[in-house]
Amino acid sequence: MTIHVNIGEAKTRLSELVAAALRGEEVILQKAGVPKLKLVPIEIADRAEREEIARRRVQAVGAFKEEFNGFDLGLEALKADRGDPAERFRRKFGSPA
């Protein structure tokens with residue numbers, strides 16, 4: 001069920017509308033009859049945001065797919081390119097006193 005309510009009316013019915021959104025109902029707030037926003041529980045909003053970020057990452061990596069043909073992008077291969085951790089520490093911070 002979808003609940004459409006004017007923003008002014010939503011001020012007086014906020015607790016009721018929040019409860020409805022938490023129950024899984026779609027709550028749309030309107031201004032002058034035009035939908036402006038949707039009340040959504042945080043876990044649903046977070047999930048949607050994570051899915052969007054994942055979609056963008058896949059799209060970005062796909063744009064460079066041809067450049068990485070032939071490279072081993074596995075975690076072990078990437079770690080192996082780092083070299084000796086002690087040597088990296090010495091280069092970064094100098095020898096320990």
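Modeller: Start with a term: rings of Phe, Tyr and Trp (its six-membered ring) pair if their centres lie within 6.5 Å; planes under 30 degrees apart count as stacked, over 60 as edge-to-face and the rest as tilted. This is a predicted model, where local features need pLDDT of at least 70, side-chain atom pairs count only at pLDDT 80 or more, and totals for chains, interfaces and linings use all residues. Residues are numbered from 1 along each chain as its sequence is written, and side-chain values use heavy atoms, leaving out hydrogens and water.

Biologist: How many aromatic pairs does the structure hold?

Modeller: One. The ring centres of phenylalanine 89 and phenylalanine 93 are 4.9 Å apart and the planes are at 45°, so the pair is tilted.

Biologist: Where do phenylalanine 89 and phenylalanine 93 lie?

Modeller: Both are in helix α5 (residues 85–93), four residues apart, about one turn of the helix. Helices (H or I, at least four residues) and strands (E, at least two) are DSSP runs, numbered from the N terminus.

Biologist: Is phenylalanine 93 buried or exposed?

Modeller: Exposed, at 57% relative accessibility. Phenylalanine 89 is partly exposed, at 43%. The cut-offs: buried is under 20% relative accessible area, exposed is over 50%, and partly exposed is in between (1.4 Å probe, protein chains only).

Biologist: New topic. How many salt bridges are there?

Modeller: Seven. A salt bridge is a side-chain nitrogen of Lys or Arg within 4 Å of a carboxyl oxygen of Asp or Glu. One joins lysine 38 and glutamate 26, with the closest N and O atoms 3.1 Å apart. Lysine 38 is in strand β3 (residues 34–39) and glutamate 26 in strand β2, so this pair ties together parts twelve residues apart in sequence.

Biologist: Which residue does arginine 90 form a salt bridge with?

Modeller: Glutamate 87, at 3.2 Å between the closest N and O atoms.

Biologist: Last one. Which element has the lowest mean pLDDT?

Modeller: That's α4, at 75, while strand β2 (residues 26–31) has the highest, 95. pLDDT is the predictor's confidence in each residue, from 0 to 100. The chain averages 86.
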